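Reader: I'd like to learn how to read a structure model one feature at a time. Could you walk me through this one?

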Amino acid sequence: MFINWQLRELNLKVVYYGPALSGKTTNLEQIHAKVDPRRRGELVSLKTAEDRTLYFDFLQLELGKISGLTPKIHLYTVPGQSYYEASSKLVLRGADGVVFVADSGANRTTDNLESWENMKAHLTSLNLPADIPLVVQFNKRDLPNAMPAPLLRNILHVNGQPTFESVAVRGQGVFDTLKAIINGVVKNVQREMT
Ligand SMILES: Nc1nc2c(ncn2[C@@H]2O[C@H](COP(=O)(O)OP(=O)(O)OP(=O)(O)O)[C@@H](O)[C@H]2O)c(=O)[nH]1
Ligand SMILES: [Mg+2]
């Protein structure tokens, strides 16, 4: 969180984390395509020739005023490929909330788990609070081999955090996820400011 009192802006950072190809960038693309251009910036994507995230994607959203301040939500995605693990950690730094995008495909269990464990370890080593607002998205529900959501919840030991099923490529579940994380982050900030 960063407050610019001169501009009366409240800057909040939300990071989409998850294994390679789970659909993190697709979430931001959908948000960019559907939000009124007056309320969002351009989508900045630093990607490889194969359209894989190289460092991060970035999109800024503006919300209505809270306590006289204009919240600006900075959405980032991390690169999911383990080759870029160090970048993922850098992108997480200073996050106010995290969306974990899991791939529902049955063949992706190890990748989901590994990414989940890495995320937890990074949150700890970056001194981010253990109870940081976290929303879990089970993406690619359209896959024929999609695992049942309760099973995914068990495998990741999701512990009370909101979960959403999505087909990000069709926009399904994208805004439910976004609203839930913004809600969690804003509630947290309001608690800290009062
Ligand atoms: N079937 C299906 N494909 C999807 C869905 N969401 C995204 N995809 C596809 O999955 C592929 C990877 O999506 P990305 O959004 O680039 O994945 P990413 O998590 O950003 O990947 P990295 O940047 O490498 O970490 C793309 O071809 C998407 O079109 C979905 O809900 N269902
Ligand atoms: Mg990506």
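Author: Gladly! Let's begin with one residue: leaving aside residues up to four places away in sequence, Asp111 touches Pro19, Ala20 and Asp103. Keep in mind that this is a predicted model.

Reader: What span should the 17 residues of H3 have?

Author: At 1.5 Å a residue, H3 should span 24 Å, and its end C-alpha atoms are 24 Å apart, which agrees.

Reader: Which residues of H3 are buried?

Author: Here is the general idea to start with. An α-helix has 3.6 residues a turn, so residues three or four places apart point the same way. In H3 the buried residues are Asn112, Ser115, Trp116, Met119 and His122. They cover an arc of only 130° around the axis, so they lie on the same side of H3. Exposed on the other side of H3 are Thr110, Glu117, Ala121, Thr124 and Ser125.

Reader: What covers the buried residues of H3?

Author: The cover includes strand S2 (9-17), helix H2 (85-92) and strand S6 (97-103). After H3 comes Asn127, with a positive phi near 60°.

Reader: Now the strands, please. How many bridges join S3 to S4?

Author: Strand S3 (residues 44-47) and strand S4 (residues 53-62) run antiparallel and are joined by three bridges. Ser45 stands opposite Asp57 in S4. The hairpin of S3 and S4 has five residues between the strands, and there Asp51 takes a positive phi near 70°.

Reader: In what sense do S4 and S5 pair?

Author: S4 pairs with strand S5 (residues 70-77) in the antiparallel sense, over six bridges. Across that pairing, Phe58 stands opposite Tyr76 in S5. When you look along a strand, remember that in a regular strand the side chains alternate between the two faces of the sheet.

Reader: Last stop, the ligand. Which residues come nearest to ligand 1?

Author: Of the 21 residues around ligand 1, the nearest are Gly23, Thr25, Thr26, Thr53 and Gly80. Helix H1 (residues 24-34) gives the most to this shell, with three residues.

Reader: And how do the residues of the shell divide into nonpolar, polar and charged?

Author: Around ligand 1 there are seven nonpolar, ten polar and four charged residues.

Terms used: Residues numbered from 1 in each chain as written. Chains lettered and ligands numbered in written order. Predicted model: local features only at pLDDT ≥ 70, side-chain atom pairs only at ≥ 80, totals over all residues. Near = placed C-beta within 6 Å. Helix = DSSP H or I, 4+ residues; strand = E, 2+ residues; numbered from the N terminus. Nonpolar A, V, L, I, M, F, W, Y, C, P; charged D, E, K, R; others polar. Contact = placed C-beta atoms within 7 Å. Expected span 1.5 Å × (residues − 1). Buried ≥ 20, exposed ≤ 12 C-beta atoms within 10 Å, placed from the backbone. Arc of directions from axis to C-beta. Pairing = 2+ DSSP bridges.
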